[in-house]
Amino acid sequence: MFYVNARAFIEREGKQGTELVIQTRNKPGEESLELPGGRIEQYESVHKALIREVEEETGLLVNRIEGASKRIDTSGINPDFEVECIEPFCVYQTLKGPIDSIGMYFICKAEGKLLEQGDETTGAVWKTVQSLRAMMEQDPLQFSDVDRAGLKYYLKHRVVRD
């Protein structure tokens with residue numbers, strides 16, 4: 001099985017700096033901290049998948065995706081074949097493990113109230129980038145295998161107030 005995913009760094013500015021949404025995956029046999037996101041359905045636009053996954057898991061409505069204004073597609077050129085080109089924040093690919101996947105991370109803004117329980121998730125909360133950095137330093141294995149790499153990339157390459 002090969003999966004393609006859309007994942008979100010949902011940012012907001014809090015009193016103590018930039019905050020991100022983090023949640024707990026609660027599938028049977030899986031309980032780890034993760035960022036919102038999930039599988040893109042066949043022929044689903046990446047941005048639509050991202051928006052759908054964020055809402056299903058957190059209850060938040062994405063109102064801004066960084067880089068979305070750069071999106072182009074080939075709609076209207078050939079009615080039988082359409083392609084979109086987008087700019088994610090970063091892309092991951094699994095190189096070893098039980099699930100082969102590739103995915104794109106996007107920097108987002110969203111509004112609404114976090115759900116107590118979402119689609120196979122619980123405990124969605126806002127955490128400061130500073131506290132996430134400390135959590136990664138203390139115990140990176142508390143994060144999902146995929147998001148561990150995504151968070152490392154974010155913490156190294158995103159300039160935020162923390």
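## About the model

This is a predicted model, in which local features need pLDDT of at least 70 and side-chain atom pairs count only at pLDDT 80 or more, while totals for chains, interfaces and linings use all residues. Residues are numbered from 1 along each chain as its sequence is written, and side-chain values use heavy atoms, with hydrogens and water left out.

## Strand 2 and its neighbours

Let us start with strand 2, which covers residues 17-25. Helices (H or I, at least four residues) and strands (E, at least two) are DSSP runs, numbered from the N terminus. Nine of the nine residues of strand 2 are buried, so the rest of the structure largely encloses this strand. Here buried means under 20% relative accessible area, exposed means over 50%, and partly exposed lies in between (1.4 Å probe, protein chains only).

Strand 2 has several partners, where two strands pair if DSSP finds at least two bridges between them. With strand 11 it runs antiparallel, joined by six bridges. Strand 1 also pairs with strand 2 in the antiparallel sense, over four bridges, and these two strands form a hairpin with two residues between them. Gly-14 has Gly-17 of strand 2 as its bridge partner. Strand 3 (residues 32-34) is another antiparallel partner of strand 2, with three bridges; here Thr-24 stands opposite Leu-33. The hairpin of strand 2 and strand 3 has six residues between the strands, and Gly-29 in this hairpin takes a positive phi near 80°.

Now for the charged side chains. A salt bridge is a side-chain nitrogen of Lys or Arg within 4 Å of a carboxyl oxygen of Asp or Glu, and by this rule the count comes to 17.

Arg-25 takes part in two of the contacts described here: one with Glu-34 at 2.8 Å, N to O, and one with Glu-120, where the closest N and O atoms are 3.5 Å apart. Arg-25 lies in strand 2 and Glu-120 in the loop between strand 10 (117-118) and strand 11 (121-128), so this pair ties together parts that are 95 residues apart in sequence. Arg-25 is buried, with a relative accessible area of 7%, and Glu-34 is buried as well. Glu-120, by contrast, is partly exposed at 37%. A network of salt bridges links Arg-7, Arg-25, Glu-34, Glu-57, Glu-120 and Asp-147.

## A link from strand 1

Glu-11 forms a salt bridge with Arg-158, their closest N and O atoms being 3.0 Å apart. Since Glu-11 lies in strand 1 (residues 2-14) and Arg-158 in the segment after helix 3 (145-157), the pair ties together parts that are 147 residues apart in sequence. Glu-11 is buried, with a relative accessible area of 5%.

## Aromatic pairs

Rings of Phe, Tyr and Trp (its six-membered ring) pair if their centres lie within 6.5 Å; planes under 30 degrees apart count as stacked, over 60 as edge-to-face and the rest as tilted. A search of the whole structure finds six aromatic pairs. The rings of Phe-89 and Tyr-153 have centres 5.5 Å apart and planes at 80°, so this pair is edge-to-face. It links distant parts of the chain, 64 residues apart: Phe-89 is in the loop between strand 7 (84-85) and strand 8 (90-93), and Tyr-153 is in helix 3.

Tyr-153 is partly exposed, with a relative accessible area of 35%. One aromatic cluster is formed by Phe-9, Phe-89, Tyr-92, Tyr-105, Tyr-153 and Tyr-154.
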